[in-house]
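This report describes how the parts of a two-chain model are arranged and how they meet. The sequence and structure are shown first.

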Amino acid sequence: MMKHTLSVLVMNQPGVLARVAGLFSRRGFNIESLAVGVTDEPNISRMTIQVEADDATLEQITKQLHKLIDVIKISDITTDERVDRELALIKISGDAANRSEILQVADIFRAKIVDVAEKSIVIEVTGDEAKIDALVQLTRPYGIIELVRTGKISMVRGSK
Amino acid sequence: MNSGGTARHPLVLTPGLRVDEGVLVLGGLPVEMRGAEILIECLKAEKVEVVFGYPGGAVLPIYDVLYDADIRHILVRHEQGAAHAADGYARATGRPGVCIATSGPGATNLVTGLATAYMDSVPVVAFTGQVATSMIGRDSFQEADITGITMPITKHNYLVKSTKDLARVIKEAFHIATTGRPGPVLIDLPKDVSNGTAEFTYPETVDLPGYKPTYDGHPKQIKELARAIEAAQRPVLYVGGGVVSSGASDALRKVAEMQEIPVATTLMGLSAFPTAHPLSLGMLGMHGTGYANLAVTECDLLIAVGARFDDRVTGKIETFAPKARVAHVDIDPAEIGKNVRFDIPIVGDAKRVLEALIPQLETKTRPEWLAQIATFKNEWPLGYAKGRDGIAPQYVIEQISELTKGEAIITTEVGQNQMWTAQYYRFKQPRSFITSGGLGTMGFGFPAAIGAQIGQPNRLVIDIAGDGSFQMNIQELATAVQYGIPVKIAILNNGYLGMVRQWQEMFHNKRYSATVLSGNPNFVAIAEAYGAKGFRVESEDQVRPVLEQALAEPGPVVMDFAVSREANVFPMVPPNESINMMVRGDR
């Protein structure tokens, strides 16, 4: 089993996300993360889907996805040179006593403080999965109140 | 309903109306049409001659236009019947079948029919009414999210939000349903879309960047297949419904005859190759012939064409065709490698691939292989025990086969009736066997027969049924009577849900849990109550005379054959067993 990153161009139609998600669930494929947004062409969206699958399953996933009328193109960019990014918002319990400690941790990760309240701090961080995992790990001891991650988006490097 | 022979669309009759580059114009201005009118014009443009449906509140605008349109409407008695009839029509003719249902329960009643068509790759276009767009999502009266519900059982579906999109959507729907691997497409039409107006242009082409079926097989792969066939000692063709739907029967026969390759078919592929042909092995799989299963087990090259290695075909998958290289021809790339390993994959239309293969093949005889097949046939002839407490059901099918010379269109229900028909009816031409293979839908055969009969008015259409299955859509007798649709129904009546009872006998110590149909009605009286003819047959010597009389009747007929109650379907491959490990059963 290996983690694969699929970059999928789809028609920007109502229901397209349900079609893709439904296909994965009814054929027993597991989505690790899925991010979707419109491309430079307003009628086309890009989905970045991360799946864990062996080769045969991945081939079935790809072929079944291709059968969806709204799916235009699927690229497996797992082995391509690429930039992976994810954004996370982490709400941590923090007050005057440990605030500066938390700020230091955030600083090391080049994360931004986007909200400070009496008893909580919200950190915004972007990076690859490992970086966000590491920051989550380090902030856990302070008490994570809420964690929101966008799911990974990816882009192949160079002019390809 | 129609009152004359001329086109009577109100807009078409308007003086000064003309078509300018596909757009209806009046005095230089494009004419707006109502959504329901656009729908009917699109159906005409698609040369739809008949729709099967059931009205209701959300489709009232469509039915109002249908009232005097040049399209025949068949009023079924349950929407499931409409979907199956459209399916049967499509399978019998090769043209898309069309059905209509209202919103909510009307739409959900189509679901089993759509799933049936989807599993067997049948082109059906279903129109459902929907509550007005402003009411969607509020749990309105008779609202159901039918596009959500049917997403996994349609090739594609649409919820039309604006009348101006309607013509394009319908064009796309027919294109998607009938091309590539065919399948059902559903269009959900909110009432305000049917009532709303838009300019009407029927597009000539579709723009679907995500949909480009591959028809021609890769030449290198076809060459590779030709080489593999030349090199093989013991090849077998394993062909399915794709051969029927692509019209590849002639090409298949040519390939088989040139190279003396025995042909085993799936349930869906049965009519693709004549049963009486010396190279025919009949059906393979769980209730296939012993010789087909042995041939597949012994073959060194398995050429799968338009078949999908269903578990009822393969049995235990690890030991399926264990000595063979596997070539797999299918128009759906996702089928290749889905269930079994493959050596030579070819994505393409069965007919085109086989036709491209023919010129690359030499003629060849295979006396040793055919001699081995002949010994399989001697060891495992099809045969059955004489009926113990009733007519042998297989005998009824043999008589139907003889009497119709294998030239009828046969539909079946699901269960023992279906398997015995597959074993004992001797098919001659494609599209003459219509059965729910993938989904296994009881209640399919009768409404499918109605659809098939309307599509092929000059053919004899017979539904071979069980007493259980027939009762699942028995209400369609009213449809057959109302329109004088002369389908013949042969019920193999054993008072059980026979196939389930057979499994209970074999695997559950004869504990016949919920399979005894002691409340069966008098089928003759039921038929007569509907205004059809009914016959009851209780002895073997009456089978032939009653069949002769019934098949000659001009209208719908129900024949109720009292068959041996605990007759079983044999041979049988027990579940999860290799297909060469057949149970022979009693003879």
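How much area do domain 2 of chain B and domain 3 of chain B bury between them, and what percentage of it is on carbon and sulfur atoms? The two domains bury about 1400 Å² between them, 64% of it on carbon and sulfur atoms. Buried area here is the accessible area (1.4 Å probe) that two parts lose on being put together, summed over both. The size of an interface is often given in this way, as the accessible area lost when the parts come together.

The model is predicted: local features need pLDDT of at least 70, side-chain atom pairs count only at pLDDT 80 or more, and totals for chains, interfaces and linings use all residues. Residues are numbered from 1 along each chain as its sequence is written, chains are lettered from A and ligands numbered from 1 in the order in which they are written, and side-chain values use heavy atoms, with hydrogens and water left out.

**Domains of chain B**

Chain B is divided into domain 1 (33-199), domain 2 (237-379) and domain 3 (393-562); such bounds come from an automatic or database domain assignment. Between domain 2 of chain B and domain 3 of chain B, the C-alpha centres lie 29 Å apart. Contact, meaning heavy atoms within 4.5 Å, involves 15 residues of domain 2 of chain B and 19 residues of domain 3 of chain B. On the domain 2 side, B:Leu267, B:Ser271 and B:His287 lose the most area to domain 3 of chain B, together 40% of what that side buries.

Zero salt bridges are found across this interface, a salt bridge being a side-chain nitrogen of Lys or Arg within 4 Å of a carboxyl oxygen of Asp or Glu. Three residue pairs, both at pLDDT 80 or more, are in polar contact between domain 2 of chain B and domain 3 of chain B. A polar contact is a pair of N or O atoms within 3.5 Å; within protein, one must be able to donate a hydrogen and the other to accept it, and residues adjacent in sequence count only if both atoms are side-chain atoms. The side of domain 2 of chain B that touches domain 3 of chain B consists of eight nonpolar, five polar and two charged residues. In this classification Ala, Val, Leu, Ile, Met, Phe, Trp, Tyr, Cys and Pro count as nonpolar, Asp, Glu, Lys and Arg as charged, and the others, Gly among them, as polar.

**Domains of chain A**

For chain A, the assignment gives domain 1 (2-76) and domain 2 (83-156). Their centres, taken over C-alpha atoms, are separated by 28 Å, and the contact takes seven residues from domain 1 of chain A and six residues from domain 2 of chain A. The two domains bury about 500 Å² between them, 41% of it on carbon and sulfur atoms. Within domain 1 of chain A, the residues that lose the most area to domain 2 of chain A are A:Ala35, A:Thr48 and A:Gln50, together 59% of what that side buries.

One salt bridge is counted between these domains, together with three residue pairs in polar contact (both at pLDDT 80 or more). The side of domain 1 of chain A that touches domain 2 of chain A receives two or more residues from each of β1 (2-11), β2 (31-38) and β3 (44-53) of chain A. Helices (H or I, at least four residues) and strands (E, at least two) are DSSP runs, numbered from the N terminus. The largest share of that side, three residues, comes from β2(A).

**The interface of the two chains**

Chain A contributes 18 residues and chain B 17 residues to their contact. The chains bury about 1400 Å² between them, 56% of it on carbon and sulfur atoms. One salt bridge and five residue pairs in polar contact (both at pLDDT 80 or more) are found across this interface. On the side of chain A that touches chain B, α2(A) gives the most, with six residues. That side divides into seven nonpolar, four polar and seven charged residues.

| Residue pair | N to O distance |
|---|---|
| A:Glu129 and A:Lys3 | 3.9 Å |
| B:Asp332 and A:Lys67 | 2.5 Å |

**Backbone features of chain B**

B:Phe309 lies in the loop between β15 (301-305) and α14 (311-314) of chain B. Phi of B:Phe309 is near 55°, a positive value in a residue other than glycine. The peptide bond from B:Phe570 to B:Pro571 is cis, with omega near 0°, and B:Pro571 is placed in the segment after β23 (557-562) of chain B.
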